[in-house]
Amino acid sequence: MPFRFRRSARLGPLRFNFAKSGLSSISVGGPGASFNIPVARSGGPRTTVGLPGTGMSWSVEHSGDPITRPAAIPAGPAAGLPNSRRLKPGQLDALKQGCLTMLREQLLQPGSSTQQLWELGLVSRLLADPAIGGRTTGLLAVIETPEAMEAYLLRAQGQDDLKRRAHRCIEAAQEAVRLVNARGWLKV
């Protein structure tokens, strides 16, 4: 029976990642957000935020010595961990901008159904339709215009709130495309 070498191991909230030469990095977090501190690999600590199920993610490498904490994050209990309670205002703003950039790239691609929704004012037309229920109206209001979507994302109070808001924007865009197609307003 051959031996199998596990490339990572979990101990509480920490994940220890191994390479052939030994311990390569330590990570904390899970789907949607993680923070990775290199031990035996080049580069600095890295924060990654993604939207599970969408294939979209945003990652930033912090400056500083890869063995010690990043220079930009002050010392203290659990300093530098990507937790909504521990993100510094500048870090949260950077996450918001990165998430907004990903959503724009995903939803505003030239010729995409979602771009056509905004160009033709179809979301506003859906919002004026009395047959749309209150929950759907609230959902669609989030993305009535690209500016409304941006304002909605930028009001996020933390990392988890930002992920929920980004998911809601994607859900709203999918629902709008479904409703417009059902009404025959969009020729794809």
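Reply: The mean pLDDT of the protein is 76, and 80% of its residues reach 70 or more. Here pLDDT is the predictor's confidence in each residue, from 0 to 100. Residues 64-85 have a pLDDT below 50; beyond near neighbours in sequence, this stretch has 37 contacts in the model. A contact means heavy atoms within 4.5 Å.

This is a predicted model, where local features need pLDDT of at least 70, side-chain atom pairs count only at pLDDT 80 or more, and totals for chains, interfaces and linings use all residues. Residues are numbered from 1 along each chain as its sequence is written, and side-chain values use heavy atoms, with hydrogens and water left out.

Now the sheet. It is open, has six strands in the order β1-β2-β3-β4-β5-β6, and pairs them antiparallel. Strands (E, at least two residues) and helices (H or I, at least four) are DSSP runs, numbered from the N terminus. Two strands pair if DSSP finds at least two bridges between them. In general, strands of a sheet pair through backbone hydrogen bonds, either parallel or antiparallel. β1 and β6 stand at the edges with a single partner strand each, so one side of each is left without a neighbour in the sheet. From one strand to the next, the twist averages 20°.

Walk across from β1. Strand β1 covers residues 8-11 and strand β2 residues 14-19; four bridges join this antiparallel pair. R10 has R15 of β2 as its bridge partner. Two residues lie between β1 and β2 in their hairpin, and G12 in the turn has a positive phi of about 65°.

Next comes β3, residues 22-30, which runs antiparallel to β2 and is joined to it by six bridges. Here F16 has I26 of β3 as its bridge partner.

β3 and β4 are also antiparallel, with six bridges. V28 faces F35 of β4. Their hairpin has two residues between the strands, and G32 takes a positive phi near 105°.

β4 then pairs with β5 in the antiparallel sense, over four bridges. N36 stands opposite R46 of β5. R46 also stands opposite E61 in β6. Strand β5 (residues 46-51) and strand β6 (residues 56-61) run antiparallel and share six bridges. The hairpin of β5 and β6 has four residues between the strands, and G53 takes a positive phi near 90°.

What packs on the sheet? Helix α6 does, touching β4 (33-38), β5 and β6. The direction of α6 makes about 35° with that of β5. Axes are lines fitted to C-alpha atoms, for helices over the stretch in contact, and angles run from 0 to 180 degrees between N-to-C directions.

Helix α6 has a helix partner too. The axes of α5 (residues 146-154) and α6 (residues 159-183) come within 9 Å and cross at roughly 160°. The two helices are therefore roughly antiparallel to each other. Angles over 145 degrees count as roughly antiparallel, under 35 as roughly parallel, 65 to 115 as roughly perpendicular and the rest as oblique. M149, Y152 and L153 of α5 make the contact with L162, R165, A166, R168 and C169 of α6. By class, this contact has six nonpolar, no polar and two charged residues. Ala, Val, Leu, Ile, Met, Phe, Trp, Tyr, Cys and Pro count as nonpolar, Asp, Glu, Lys and Arg as charged, and the others, Gly among them, as polar.
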